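Visitor: Could you take me through one part of this model in close detail? I would like to look at the place where the two chains meet.

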Amino acid sequence: MREKLARIWQTLRKPSVHYSLGFLTLGGFVAGVIFWGGFNTALEATNQEAFCIGCHEMENNVYEELKTTIHFTNRSGVRATCPDCHVPHNWTDKIARKMQASKEVWGKVFGTINTREKFEEKRRELAEHEWARLKANDSLECRNCHNFDYMDFTRQSKRAAEMHSTSLASGEKTCIDCHKGIAHHLPDMSGVKGW
Amino acid sequence: MKTIKTLSALALMSFALLGNAASVPEDKIDTLRLAPLDSEPTPPAMQQVLNKDIKQARSYPMQPPIIPHKIDGYQLDLKVNKCMSCHARTRTGESQAPMVSVTHYMDRENNFLAELSPRRYFCVQCHVPQLDAKILVENDFIDLDHLLKAEQTQAKH
């Protein structure tokens, strides 16, 4: 047994003479898949809502507000969690977003929003980041759950159907243009387009 | 001084006794509760807010029209007035909502203001949506038109 192990070790140490370049590339690929997958799982773990509201800044302000909205309880029992609306599901977007999230840890250390007053003061700025993001990706997160193609206008209220069949259908507007403040309280809206 | 105190004490006591004797029998209390006070009945199902988007007739010219759509989750506080994001003069082009009438831009001296008058800021003080509910108390309001007609027919006789 020991001998066998030693032989394998020898093979591993020696520069490859027995194995083809093809095999090595393939092996590297398989290993890569395994590591990449592990990384993915780690990301999924931080995606959990529990992680987000682990910080009192998130729990005491935005989470408490979310609780009173239709995205928390509704007749269908579908619950939208923080990552559903805030971290893109798409792979590359996801990594980019995580990089940005390091800024939040910075914020925690320096307490940019660690009281309700500070949070309210900063809310307009934070909200504007989110509006800009959702505007840029054509409200991707909303559309992950609400698919325009399957909206039945005959089942919507007249006000809704009129807007959805015109500005939304033509692509002139996207969800976040008309649906600000559906999950949290809004900041002072003076000067915001459409208010 | 002392006599006054004793007198008032006596008066209080007799009041209490009288009150007891004259207490209203339970079946004579007009209540919507319909269950003993010490029990907690299952509440009736919540009624739907009417969301038909059809304007309702007003009962008299000064009546604030009722809201023909639901307003769930519409933020209305010092920071934000969601209603005005549709009903403000500048917003009606996009929202296709009726503009708040000119009275909403007037102060109590009837001066016209450039902005929504503060006394009209909190819309739901005057405007309310309606529920799809059974009327609990019959409404015997008579429309002005009917009153006038009745008077006219009376005058003819």
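Guide: Happy to. At this interface, 14 residues of chain B are in contact with 14 residues of chain A, contact meaning heavy atoms within 4.5 Å. This is a predicted model, in which local features need pLDDT of at least 70 and side-chain atom pairs count only at pLDDT 80 or more, while totals for chains, interfaces and linings use all residues. Residues are numbered from 1 along each chain as its sequence is written, chains are lettered from A in the order in which they are written, and side-chain values use heavy atoms, with hydrogens and water left out.

Together the two chains bury about 1300 Å², 47% of it on carbon and sulfur atoms; buried area is the accessible area (1.4 Å probe) that two parts lose on being put together, summed over both. On the chain B side, Asp53(B), Gln75(B) and Lys79(B) lose the most area to chain A, together 40% of what that side buries.

Lys173(A) and Glu94(B) form a salt bridge through their side chains, at 2.8 Å from N to O.

How values were computed
Salt bridge = Lys/Arg side-chain N within 4 Å of Asp/Glu carboxyl O.
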